[in-house]
2 protein chains.
Amino acid sequence: MKTVALADCREFSDKGMTRVIVHDSAYFKCINFNLKAGQVFPVHSHKLEGELSIVVIEGTGEFLGDNDTAFAANTGDILISEIAEPHGVRATTDMRILVTIAPPI
Amino acid sequence: MKTVALADCREFSDKGMTRVIVHDSAYFKCINFNLKAGQVFPVHSHKLEGELSIVVIEGTGEFLGDNDTAFAANTGDILISEIAEPHGVRATTDMRILVTIAPPI
């Protein structure tokens with residue numbers, strides 16, 4: 001049992017989104033990504049079994065999918081996607097997301 | 001790929017914490033629990049392999065463990081626990097948590 005204050009993972013960079021691993025085990029991986037306004041987590045996918053969730057913990061932007069699809073991504077919104085399905089994020093304001101991947105990759 | 005607005009899962013009850021399933025698949029389960037100030041998610045455990053995360057998405061309280069241990073649980077804090085390890089939550093203010101369990105139980 002451990003606790004992490006996500007506030008301690010809050011670090012933005014002008015060079016691109018930052019990535020702080022919160023937890024990594026045999027069961028799942030949790031990563032906090034921090035994106036400054038305008039930064040993009042490019043759409044990508046992996047040919048692997050499993051799913052991921054993306055919870056917006058701060059700010060506003062868009063979840064991105066295949067073929068230029070976009071969905072509102074406001075604080076408190078959550079995206080569920082297969083790992084093999086194209087997914088990404090675009091930050092409108094400074095934005096922080098918590099990604100959980102199971103099984104971990 | 002689907003999105004859920006956790007704001008739509010925000011429902012408190014005087015009778016006890018409420019439970020809204022956000023996602024349930026072969027890979028993980030996500031549940032939003034809503035606790036009014038003073039309500040308790042009793043300490044419990046399951047004799048199963050796996051881990052869970054508890055993210056505080058609103059409010060303040062305590063994460064609970066075995067033998068009356070307690071850890072600060074403020075908005076943005078996350079607890080990682082084995083499913084087999086005793087865990088619970090006590091709400092100081094109205095409080096909302098997002099629990100992710102992998103593999104799902």
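This is a predicted model: local features need pLDDT of at least 70, side-chain atom pairs count only at pLDDT 80 or more; totals for chains, interfaces and linings use all residues.

I begin with the contact between chain A and chain B. Chain B brings 32 residues to this contact, and chain A likewise brings 32 residues. On the side of chain B that touches chain A, five strands each supply at least two residues: E1 (2-5), E2 (18-24), E5 (51-58), E8 (77-82) and E10 (95-102). Which strand gives the most to that side of chain B? The answer is E8(B), with five residues. Sorted by class, the side of chain B that touches chain A consists of 18 nonpolar residues, 10 polar residues and four charged residues.

Strand E8(B) also takes us to the pairing between the chains. Strand E1 of chain A, residues 2-5, is paired with E8(B) in the antiparallel sense, over four bridges. As one position to look up on the screen, A:Ala5 has B:Asp77 in E8(B) as its bridge partner.

This pair belongs to a sheet with strands from both chains. The sheet is open and has six strands, in the order E1(A)-E8(B)-E5(B)-E10(B)-E3(B)-E2(B), and the pairing is antiparallel. Why is one side of E1 of chain A, and one side of E2 of chain B, left without a neighbour in the sheet? Both strands stand at the edges and each has a single partner strand, so one side of each remains without a neighbour there. On average, neighbouring strands of this sheet are turned by 20° against each other, direction ignored.

E3 pairs with E10(B) over seven bridges, in the antiparallel sense. Here B:Asn34 stands opposite B:Arg96 in E10(B).

I turn now to the other sheet, in chain B. This open sheet has four strands in the order E4-E9-E6-E7, again with antiparallel pairing. Its edge strands are E4 (40-44) and E7 (70-74) of chain B, each of which pairs on one side only. From one strand to the next, the twist averages 25°.

Methods. Residues are numbered from 1 along each chain as its sequence is written. Chains are lettered from A and ligands numbered from 1 in the order in which they are written. Two strands pair if DSSP finds at least two bridges between them. Axes are lines fitted to C-alpha atoms, for helices over the stretch in contact, and angles run from 0 to 180 degrees between N-to-C directions. Two residues are in contact if their C-beta atoms, placed from the backbone, lie within 7 Å. Ala, Val, Leu, Ile, Met, Phe, Trp, Tyr, Cys and Pro count as nonpolar, Asp, Glu, Lys and Arg as charged, and the others, Gly among them, as polar.
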